[in-house]
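Here is a short report for a reader new to this structure. Take a look at the sequence and the model before reading on.

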Amino acid sequence: MTTRDVRLTAPGLYTAAGTDPGDLWETLVAGKDTRRPTEALAGPWPEFDTAFLVDDPDAATLGVHRRVLRTSEKQARMALYGARLALAGATERGTVGGPGWGLYLGLPTVDEELLRFGALDRLHQVAGSPGDVAALYGREVPPFSGLSHLNSTAAAHVSAVFGLTGAMAAYSPFSDAGLTALIDGALSVAEGENEAALVGAVSPKVHPLLFAQYEELGWNGAVPGEGAAFLLAEPADGATGSAAASGAPGARLAGYGRAFGAGAEDRSEAIAEAVHAALETAGTDADGIGWVLPDAAWTVDGARAQSAALDRVFAGAAPRPAYVTSERATGVLGPAHPLAHALLALHGLASGRRLVADGDAVREEALPAPRALVLACGARGQVCAVVLEGAEK
Amino acid sequence: MTPHIPNGAEHEVVVTGIGLVAGQLTDPEALFDHLAEGRTLITEHPLHKEWGVPCAVSAHIDPAVRQELADAVPEEAGPLGSAGVLAWHAAAQAWQRSGLPRRLDSERGGVFLACNRMVMEPAELTALADHVDHEAGALDLDGYLERLDGTAAPDAADGLDPQRYQKVQPDSATAALADYFGAAGVLETHADACAAGGMAIGSAYRYIRSGTLDVALAGGAESLTTLTSVTAFYGVGALAPADGRDPAQISRPFDKDRSGFVIGDGAAFLVLESRAHAEARGARILATVAGYAGVTEAVKMTSSSRDGADYAQCMRAALTDAGLAPEDIDHVNAHGTSTEANDTCEAAALHTVFGARAAHLPITGNKSAMGHSLANSGAAEAVLSVLSLQRQTLLPTLNFTEPDEVTSGLDVVTERRPARVTAVLSNSFGFGGQNCSLILAEAGGARP
């Protein structure tokens, strides 16, 4: 087992704000509204009729045969597109794939495809007749749904397209899964299990049952979004050569921490613990963090706990780091949210800039310290934190 | 808090507890005895039979057992779905058998659970369908949610459960177990298809080996013997048709007449510890986790390379990780789904990795009797592998009567067989190429 420093590079980001971290950066600064109308919802709930949607990538965009689409849900297609964006440079150089290339994914569960509305009407009519119900299912359940409803299908498609055959893992279902993928993917490189690891996460597709799920878990009205965020973890010494060859923005994964707070009353302490652990392993303290990208908190309790924890950790920091989330341009991205933030941080660390939330606006300013903290807070109290470190200016 | 500062040291990983729920059985030793006697868990699914489903057989949890288990979950566990209930009991058994204190209360414990999301049964979908405006083509979510909120308690007949959407998410059980047992250093909910159970164990093994954790609860749970899942898997040709056959004879790993898998439910957990931690507290060590590989492959969604190259790569990676040679393995617990494609690829891979020795290397396919419980299967097979090491006994593969061209030349165990077992290779291969091989060895460790 080796212990190498790990560098994060090759950003691939697909959100309502565009297909590049730079697009997201500019959208946030410009304050553009990137929402689109949602369909198939009626009634006063939810209170909005728009969400941060992305186009469903087609076979041509993905560079695959159209039959591949039969065994994929929109989530898998978004993931494949995010991976394609991340690996575009390395693919051109012909360096992608093989047994040294691993894959680590944070995936939401796939909300089952509702039967067509006409079929639901029929189901309603035949509900008392089991034989008719089963026959209806036989006609209406898509045959490949047994595969595409497994949230791991994203891993299958990404591996097949890019020829990845290294160590892998996939995690679900909330934002902590995204940073878990980043931490374990980076560890696989640090410990020599992979030469490089493609790390990514995808949001849930915006779907009626997603709203039902959010509502039960304490939804605070945050608007959901769709998207995927990918990057490459590779040895900081450039053993795979791809970062050095591309000149792509990159940063070192300097530290990480995890914690768990089962009850709402424990969450704030857990978040603070995870942040302290990340700072400790990064060899820095609160003063060494120039930028904080908190998770998109979509529950009232979650938002309160995160805010209290950050206030506690950074109370004595001078200067106090700036906070920003991408939520106003991307919506809540589930597992992809912390990775989208990681890509935004890579972009800022490369240019020595950061974004600062300023009321309803976002402004850009110089980054006072070359480290960014990214947080992910799962729905059950799981917390992950990472510190990304750019080159000293 | 789990600061991970790798120092290159490797810690030996041992198994100190096992637990399992399958069919009507809630005890791993009882299951081992059941399987050793050549008995099956696969039966007719009464509801699916009544509905006229073409393959109405499964290794489902007995409804009475399921109810007893649900009733026995302590209130502190919070809302758990059907897979979560199974996970709870398998994990609790494993924890109790390990002799660990009721709560670990250490940041050096973790929970690693493999589980797929549960899907709607017809009653649930019918309840939702009540709120569809078919003419407008829209769903009245407000009406649906208000109806759910107005439901005081789960009502299976009406398809209403006010906590349904919490319960169906797989990480609800991960968090409940971490909280209850005080093992909160690392929480992972794995989503690696049919290899997820093995990969959850593998990930826990890696965290203990690196020194980040001392203790981990690792396993899987699945509860997908539902009409939607059965219809979908049948539609894609993955399930074996019943065709009026005796349910016990339908799952036939490596047999020339295999025609698909039989779906199953269940949960299985292991307690893993560093050897130093286990020995310091005087724990009984059941086995060691000697090696692991969890790799992806690059073929396609519905099949792997027919020559078994991908599966062979996975097995070899696990052997390398363990520092073992093929001749050090004396039993294979195969993935053995009973599908034409999987068993062909796995048989080819076994020939590739073990060469001529494959003819004398005993192979067992537990899915012949237990069906395929997807994310849980790798964990259940790891538990049974530990028991094979403990009892020095190999379990039979039911219904293997004659191989085909590719599966010939393998020593498929067809009856309980006493044997010297020092190291077991346990395979799990997921749809779309998420492949996992675990190597479990005797309590004293693997002997290269």
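This is a predicted model: local features need pLDDT of at least 70, side-chain atom pairs count only at pLDDT 80 or more; totals for chains, interfaces and linings use all residues.

Residues are numbered from 1 along each chain as its sequence is written, and chains are lettered from A and ligands numbered from 1 in the order in which they are written.

**Chain A as a whole**

Chain A has 14 helices and 15 strands. Helices (H or I, at least four residues) and strands (E, at least two) are DSSP runs, numbered from the N terminus. Along the principal axes, the C-alpha atoms of chain A fill a box of roughly 70 × 45 × 40 Å. The radius of gyration of chain A is 21 Å, which agrees with the value near 21 Å for a compact globule of 393 residues. That radius is taken over C-alpha atoms, and the globule rule is 2.2 Å times the number of residues to the power 0.38.

Of the 393 residues of chain A, 63% count as buried. A residue is buried if 20 or more other C-beta atoms lie within 10 Å of its own, exposed if 12 or fewer, and partly exposed in between, with C-beta atoms placed from the backbone. Contacts are residue pairs whose C-beta atoms, placed from the backbone, lie within 7 Å. Among contacts in chain A between residues at least 6 apart in sequence, 78% join residues at least 24 apart.

**Two domains in chain A**

Chain A splits into domain 1 (6-113 + 142-246) and domain 2 (250-391). Such bounds come from an automatic or database domain assignment. The C-alpha centres of these two domains of chain A lie 20 Å apart. Their contact takes 54 residues from domain 1 of chain A and 46 residues from domain 2 of chain A. Which element supplies the largest share of the domain 1 side? It is α8(A), with nine residues. By class, the side of domain 1 of chain A that touches domain 2 of chain A has 35 nonpolar, 16 polar and three charged residues. Here Ala, Val, Leu, Ile, Met, Phe, Trp, Tyr, Cys and Pro count as nonpolar, Asp, Glu, Lys and Arg as charged, and the others, Gly among them, as polar.

Strand β15 (residues 382-389) of chain A is largely enclosed by the rest of the structure, because eight of its eight residues are buried. Both faces are covered: Q382(A), C384(A), V386(A) and L388(A) lie on one side, and V383(A), A385(A), V387(A) and E389(A) on the other. The hairpin of β14(A) and β15(A) has four residues between the strands, and G381(A) takes a positive phi near 105°.

V386(A) and L388(A), together with L217(B), touch the most other members of the largest nonpolar core, which has 303 residues. A nonpolar core is a set of buried Ala, Val, Leu, Ile, Met, Phe, Trp, Tyr and Cys residues joined through C-beta atoms within 7 Å. Not counting residues up to four places away in sequence, L388(A) touches residues including L8(A), A251(A), L346(A) and V374(A).

**Contact with chain B**

The contact takes 83 residues from chain A and 80 residues from chain B. On the side of chain A that touches chain B, 45 residues are nonpolar, 29 polar and nine charged.

Strand β16 (residues 423-430) of chain B is mostly covered, with eight of its eight residues buried.

| Pair | Sense | Bridges |
|---|---|---|
| β9(A) and β15(A) | antiparallel | eight bridges |
| β14(A) and β15(A) | antiparallel | seven bridges |
| β11(B) and β16(B) | parallel | three bridges |
| β16(B) and β17(B) | antiparallel | eight bridges |

Within these pairs, F260(A) stands opposite Q382(A), and L425(B) is the bridge partner of V332(B).

D161(B) sits in the loop between α6 (141-149) and α7 (164-167) of chain B. D161(B) is buried, with 20 other C-beta atoms within 10 Å. D161(B) touches T151(B) and P154(B), not counting residues up to four places away in sequence.

How values were computed. Two residues are in contact if their C-beta atoms, placed from the backbone, lie within 7 Å. Two strands pair if DSSP finds at least two bridges between them.
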